[in-house]
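Colleague: I am new to this model. Could you show me how to read a few of its features?

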Amino acid sequence: MNDKFEKIILMPYLDSKPWAGKILSSHFRSKDNIGEAWLVSTIKNKQSKLLDGTNLDEYIVKHLKEMGLNSLDEFPVLIKIIDAGDDLSIQVHPDDEYANSIGLKKGKFECWLILGQTTNKQIIYGMPDIDKNEFINKIKQKIFLDCVLYKNIQENDFLKVMPGTIHAILKNTLILEVQEPSDITFRLYDYDRKPTRQLHIHDAVECIFKSHPYVDETKFNVRLIDDEYVVKIKTFDKFYFTINRHTFKTCLYIKKEA
């Protein structure tokens, strides 16, 4: 390894979910139903940790200069593995403009790499060409599933989920998710499951049908190199995130001062 870089090994935050599959629980030898492993996370109360127990956000604050950052808020990524044993809620994420309008710091762009232990052949991704009034009426009539599209998937497929896109991961799907460091989700539909979880119909509808003038679809420049996806965030030229096939190991490389 180049001696100008320091290898930082992270331990994930393990998030229990009612819809969790068995893969992550087995891998991390947990008795809990682990639905998400937050491999690289600075989200409050859900931080990944260094081997010595230091939270990643605390480490970053101490090394802002080496990382080319002015503040923790500039750290640009959250990386997860999601193990769905049941269908996830149908949801949407806001762009920065809408998030700011309701008092939140940032919206959420995310992208998914379909991993090899996925047996489901479809995912919910997008909606048919209907207007806002028709969409709202279908929600009121409880025929919401008429408002979604199903997309065929297979191992190593890569999907960009832009703000305002209806989406849902379905059961028996294992994905690696690279996203902006935001934990904001507006749920549209949760299959009337018990216990009932909060829905966010108004915010979700507004996000779906607003224009997104500040969303640049080329913000994340993605290309396939052999068996790896390299995700470069344009605004942060120092940051490259490489997604390897079927790995639960994530390393953050920080350039040392010369």
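Colleague: Is K105 buried or exposed?

Modeller: Relative accessible area sorts residues: buried is under 20%, exposed is over 50%, and partly exposed lies in between (1.4 Å probe, protein chains only). K105 has a relative accessible area of 66%, so K105 is exposed. The model is predicted: local features need pLDDT of at least 70, side-chain atom pairs count only at pLDDT 80 or more, and totals for chains, interfaces and linings use all residues. Residues are numbered from 1 along each chain as its sequence is written, and side-chain values use heavy atoms, leaving out hydrogens and water.

Colleague: Which residue forms a salt bridge with K105?

Modeller: A salt bridge puts a side-chain nitrogen of Lys or Arg within 4 Å of a carboxyl oxygen of Asp or Glu. Here the partner is D73, with the closest N and O atoms 3.3 Å apart. D73 sits in the loop between α3 (64–67) and β5 (78–84), and K105 in the loop between α4 (96–101) and β7 (110–114), so the pair ties together parts 32 residues apart in sequence. Helices (H or I, at least four residues) and strands (E, at least two) are DSSP runs, numbered from the N terminus. D73 is partly exposed, at 47% relative accessible area.

Colleague: How many salt bridges does a search of the whole structure find?

Modeller: The search finds 13. One of them joins K210 and D95, the closest N and O atoms being 2.9 Å apart. That pair links distant parts of the chain: K210 is in the loop between α6 and β14 (220–225), D95 in the loop between β6 (90–92) and α4, 115 residues apart. D95 is buried, at 3% relative accessible area. Another salt bridge pairs D190 with R193 at 2.6 Å, N to O. D190 is buried at 6%, while R193 is partly exposed at 22%. Salt bridges with shared partners also join D15, K17, K46 and D183 into one network.

Colleague: Now a helix. Which residues of α5 are buried?

Modeller: In α5 (residues 132–140) they are F135, K138 and I139. Their directions, taken from the helix axis to the C-beta atoms, fall within an arc of 105°, so they line one face of the helix. The face turned away carries the exposed residues N133 and K140.

Colleague: What covers the buried residues of α5?

Modeller: Contact means heavy atoms within 4.5 Å. The cover includes β13 (186–189) and α6 (201–209).

Colleague: What takes a positive phi just after α5?

Modeller: K142 does, at about 60°.
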